Amino acid sequence: MDYALSWMIAVPLVGMVVVLLLPSAAHNAIRWAAVAATVPPLGIAAWLFTVFERGDPDFQFVERYAWIPAFDIHYLVGVDGLSISMVLLTALLCFLCVFASWGIEEGVKAYFALFLLLDAAMVGVFVALDFVLFFLFWELMLLPMYFLIGVWGGPRRAYAAIKFFLYTMAGSVLILLAILGLYFSSTPHTFDMIALAESRHQFTEALQYVLWIAFFVGFAIKIPAFPFHTWLPDAHVEAPTAISVILAGVLLKMGTYGILRVNYGMLPIATAELAFACLAALGAWNILYGALCAMAQRDLKKLVAYSSISHMGYVMLGMASFTQQGIDGAVLQMFNHGTVTAMLFLLVGVLYDRAHHREIYGFGGIAPVMPIYTGFVALAFFAALGLPGLSAFISEVLVLLGAWQRTPWLAAVGASAVVLTAGYMLWTLQRVFLGPLNERYASLPDISAREALTLVPLAIIVVALGVYPMPMIELIDATLATLNAAVLPFL
Amino acid sequence: MAAAYLRWIPLLPLLGAAVLGLGGAWVQRRHGERAVAAIACLPVALAFAIAVRTFAALAAMPAEQRVLVDRLWTWIEIGSLHVDVAFLADPLSALMVLVVTGIGGLIHVYSVGYMRGEPAYWRFFALLNLFTAMMLVLVLADNLLLLFVGWEGVGLCSYALIGFWYADLANARAGSKAFLVNRVGDFAFALGLFLLFWTLEAHAEATLAFREIDRHAAALAGVSLGGWSVLTVITALLFVGATGKSAQIPLYVWLPDAMAGPTPVSALIHAATMVTAGVYLVARLDVLFALAPATLAAIAWVGAATALLAAAIAVVQNDIKKVLAYSTISQLGYMVLALGVGASGAAVFHLMTHAFFKACLFLGAGSVILALHHEQDLRRMGGLRAAMPRTYATFLVSALAIAGVPPLAGFVSKDEILWSALSHGDGGLWLVGWSVAGLTAFYMFRLVFLAFHGEARSEHAAPREAPAVMTVPLTILAAGAVFAGFLGWPEVLGGGNRLGAWLAPAAAHGGAHASHALAWELFSMVASIAMAAAGIAVAYAMYVRGLVAPERIAAWAGGAPYRWLARKLYVDEVYQALFVDGVLGASRVAARADARVIDAAVDGVAAGVRGWSRFQGAVDAIVVDGFVNRVADVALAAGGRLRRLQSGRINAYLYVIVAALVAVLAWQLG
């Protein structure tokens, strides 16, 4: 299939136009149009997964067209082992989130239009291989996100949306500056990310440091790494369920994706020098700090948000190990966290839709009232706490195994969080689902078929990748080996 | 040798769990409890049949080649790391599989009767099946990482079954406690695994497979890590993991609370199988541990101390299941002691015999509890001998076995442990083990006399004997408690210790009897028989004849020793204050710092920028000339529209971007 990646971007955009042309009152038509716009990308993603050449570290399905020749700017897209996992994740979560957005009743047309724009932009970020295109998609993504939180969010949505926007914009400025820095330092001047990675040797050490820090801070805000993380809990608490899913499932990964793509690929000397402090140590701290903060939360969604901060720390710790296990584990963790946290946010949304609050202490003993729901929650919680046999265990164990080789103490810190994570997860299960039934919720309806539909595919993936993770590992391994090999000589 | 049938041993119960987990509620509603019971029991029975076949296949092979392998698929392959999903049956794991499927199967059958009338009958059996599957993965795993899957899997089932009646928050809490305490052990386990893998990678061959580890272990003997032998560190870390699962000091605290679960669960998980996982782990890595004498010495004393402490606490418990729980901890201490003196064969032997008599004791206790309408306090029992003759008989036989009365199973295996300690040259360990034998006999017969003898003190009239579905498993288990010992009947009494010989290839130290002084072994034996007799006699004197009032002993030394034991030495309270409250405190500090320091700083910066932009706006308006004013007007108009949505802060932001862009361009071009 030619233009596969372009179709993945174009179809949601076409869908957006269709949605805009439909009458505002035709809620169901709009929703089904959104479904129709997310199915082809999912199909293409599935197709990519089957035909993607494993073992080839380079970019595949590359499309290159001159865009602004004067500045050597191209429309250049392609996927390698690093980005394809994220493209798969994006296509899957966008599809599921349309169904998770079914309950949106106000501004349906605008919501789905923005949602599809977001979809296209996110895919664009992962497949863009020209910095101008990359930055364009990066910024394009912010706009719908801002409105989706700011208009359809909870009571403090304005604060959360502006906070999200400003934080991310601050990161964008740094990224933009660094992109320009790379452009002007390369000869010939180019925005071509493949060429920049290939010509990484021409960047002096001093330049690499400066640009590395700029890129890092820009991406760290997205991860989010301590101390740039405080936008996340607010954004999550206010965002509607599906947007939380996208936010945690996809957007956070752009931070670590960017670091691997740009910092690792183009600035290897600085990566070798700075990874310990900025990625390994900070990652371990993220794991611990996020887990501790999560434990103290009383709002279910905030707890999940902080757990994301903790789990993204594993990605940082793993990539800074510069072992094949650690770096593969990091990217696998990006994918696995995407699916697990998506389940968690969907599940919190289910409960919120029924009880209209998320106070952990406000429930109690609801397991017999919603048995199927409780089953899904148990699966997601145990996946999140790294139960072997489920997907997140594989990635966490790989991260820690890899990290142990380079920084055993930090690996030990990261591993100690398994106790904390189990602590807050089980404590939450206990407070919400076990014990005597809170009579106020004696008649909550169990999960609906539509809600189950959004959870079942994720549940299957979580189990399947725990039992048989090799399909994902084979997908990412070759590219990451090359990426790692680029940095290794400078360690 | 390849044996593709091995996979069905864990897969069949897993299938049962899947069917019951997904459709059990429907089956129970539509076809009743019997259908659920059949779906649950059948896979375990089949697994037992395959286990027997496996055992026979191994027995038919030459002793040195007794290995069957079933490789399913490559689980993880990255760089030098290669982990298969593969099952391994050798004499050790085949024996474990027999214990798990055999005793597990009996407990399944017993549960059919015990759980009758339970609304969530299907959930109980789904979890029981899942547990069995995970335990089988644990003992059949061919590598350390797959073992960990079973290790955590049984922990999950233990959590869910302890809290089976979760409407009572205390049960749910006990489940969480069990899981979390075990997680502390798992943390150490994981570090041990990492260190082992990388050390093997550096000095021999990267692997996590047991047979490879055995082969390369010797290559690590000289490697040091920060002044320690690396093997000492690895084995110590793995052993900390074992102390979690096998309820040893310092991580034993979860097991007494785990009695909150239904009694068959206590028998299966918290007596016969799961809690022996730590013992199995050390026996499985016997070759590695044998190279780490420092760790072994520590293990021996941890086991001895645990055996003594738990036996002492068991003496003063009044809850029938708590007595048995502490007894289990104490008996596990014996096994760990045996591991520490290098007698892993003796440890596994005791593991097996203990599985019989302790499962029988727990299930017997379950019958009593059911007959008395969930009464568990020994002080409100008594006189059940006549009403429940079968339960009494089987309970008595098992009590005699655990007390170490010859020729019952417990006597033989315990004696082998004591003798191993003595022949290892450590009189101190033997002395502790010997004292524990006395305590064991005492607390066990205190229980027997209080529950079954004397007058009925229960409020419930006419307790009735349990149905056959429960007493038949009891009888079979009691028979095991009588006869299992003959498998390892010592040479000194004219036996061949066939179990030791069976395990010898897997457990290199099974043949500790090779060169020993006959007289010393007989001495150890006679001394422990005398100790057991003394323990039973004291219990008889106190609780049947009433020669000494227990209250008088409790009041000894102002009652302080009794109080300390009754309150379990306040260990729970200390852990709560130190670790639980400590972590919760730290989490509150972190959350507060997050809100009041970091987020406040962010809000502060935002306020600062806002103020600065207002100032800048004022400067613009006053200083800049008309041309700029017109540009500014346009910007303000655009900003005004945006402001309605974003309170105007975006403008400032766009200014910053443009300014920065200009600055960089100027810098680069200039």
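Modeller: Start with F197(B), which sits in helix α5 of chain B. Keep in mind that this is a predicted model.

Biologist: Why is F197(B) called buried?

Modeller: The cut-off is 20 or more other C-beta atoms within 10 Å. F197(B) has 24 such neighbours, so F197(B) counts as buried.

Biologist: What does F197(B) contact beyond four places in sequence?

Modeller: L401(A), A206(B) and L208(B). A contact here requires C-beta atoms within 7 Å. In C-alpha terms, F197(B) lies 9.9 Å from S80(B), and 117 residues separate the two in sequence.

Biologist: What makes A527(B) partly exposed?

Modeller: Partly exposed lies between the limits: 12 or fewer is exposed, 20 or more is buried. A527(B) has 17 C-beta neighbours inside 10 Å, so A527(B) is partly exposed. The residue belongs to helix α21 of chain B, residues 518–543.

Biologist: How do you know that the length of helix α7 of chain B agrees with its residue count?

Modeller: The expected span is 1.5 Å times one less than the number of residues. Helix α7 of chain B covers residues 230–245, 16 residues, so it should span 22 Å; the end C-alpha atoms are 23 Å apart, which agrees.

Biologist: Is α7(B) mostly covered or mostly open?

Modeller: Mostly covered. Of its 16 residues, 14 are buried. Just past the helix, A247(B) has a positive phi of about 50°.

Biologist: What makes β1(B) and β2(B) a pair?

Modeller: Pairing needs at least two bridges. β1(B) and β2(B), the latter at residues 81–89, have nine, in the antiparallel sense. E77(B) faces H82(B) in β2(B). Two residues lie between the strands of this hairpin, and G79(B) takes a positive phi near 55°.

Biologist: And in chain A, how many bridges join β1(A) to β2(A)?

Modeller: Six, against the required two. The strands span residues 60–68 and 73–79 and run antiparallel. I68(A) has I73(A) as its bridge partner. Y65(A) stands opposite Y75(A). The hairpin has four residues between its strands, and D72(A) in the turn shows a positive phi of about 55°.

Biologist: Which residues make up the contact between the chains?

Modeller: Chain B gives 51 residues and chain A gives 52. On the chain B side, β1, α4, α5, α24, α25 and α26 each supply at least two residues. The most come from α5(B), with 15. By class, the chain B side has 33 nonpolar, nine polar and nine charged residues.

Biologist: Which residues touch the most other members of the largest nonpolar core?

Modeller: V87(A), A380(A), L140(B), L337(B), A359(B), F445(B) and A481(B), in a core of 462 residues.

Modeller: Chain B has 26 helices and four strands. Its C-alpha trace spans about 115 × 60 × 60 Å along the principal axes. Of its 670 residues, 54% count as buried. Among contacts between residues at least 6 apart in sequence, 79% join residues at least 24 apart.

Biologist: Where is confidence in chain B lowest, and where is it highest?

Modeller: The lowest is in α25(B), at a mean pLDDT of 62, and the highest is in helix α3 of chain B, at 96. The chain mean is 88, and 92% of residues reach 70 or more. The model scores ipTM 0.94 and pTM 0.91.

Biologist: Over which residues of chain B does pLDDT stay under 50?

Modeller: Residues 506–514. The model has 29 contacts beyond four places in sequence for that stretch. Where pLDDT is low, predicted coordinates should not be read in detail.

Methods:
Residues are numbered from 1 along each chain as its sequence is written. Chains are lettered from A and ligands numbered from 1 in the order in which they are written. This is a predicted model: local features need pLDDT of at least 70, side-chain atom pairs count only at pLDDT 80 or more; totals for chains, interfaces and linings use all residues. Two residues are in contact if their C-beta atoms, placed from the backbone, lie within 7 Å. Ala, Val, Leu, Ile, Met, Phe, Trp, Tyr, Cys and Pro count as nonpolar, Asp, Glu, Lys and Arg as charged, and the others, Gly among them, as polar. A nonpolar core is a set of buried Ala, Val, Leu, Ile, Met, Phe, Trp, Tyr and Cys residues joined through C-beta atoms within 7 Å. pLDDT is the predictor's confidence in each residue, from 0 to 100.
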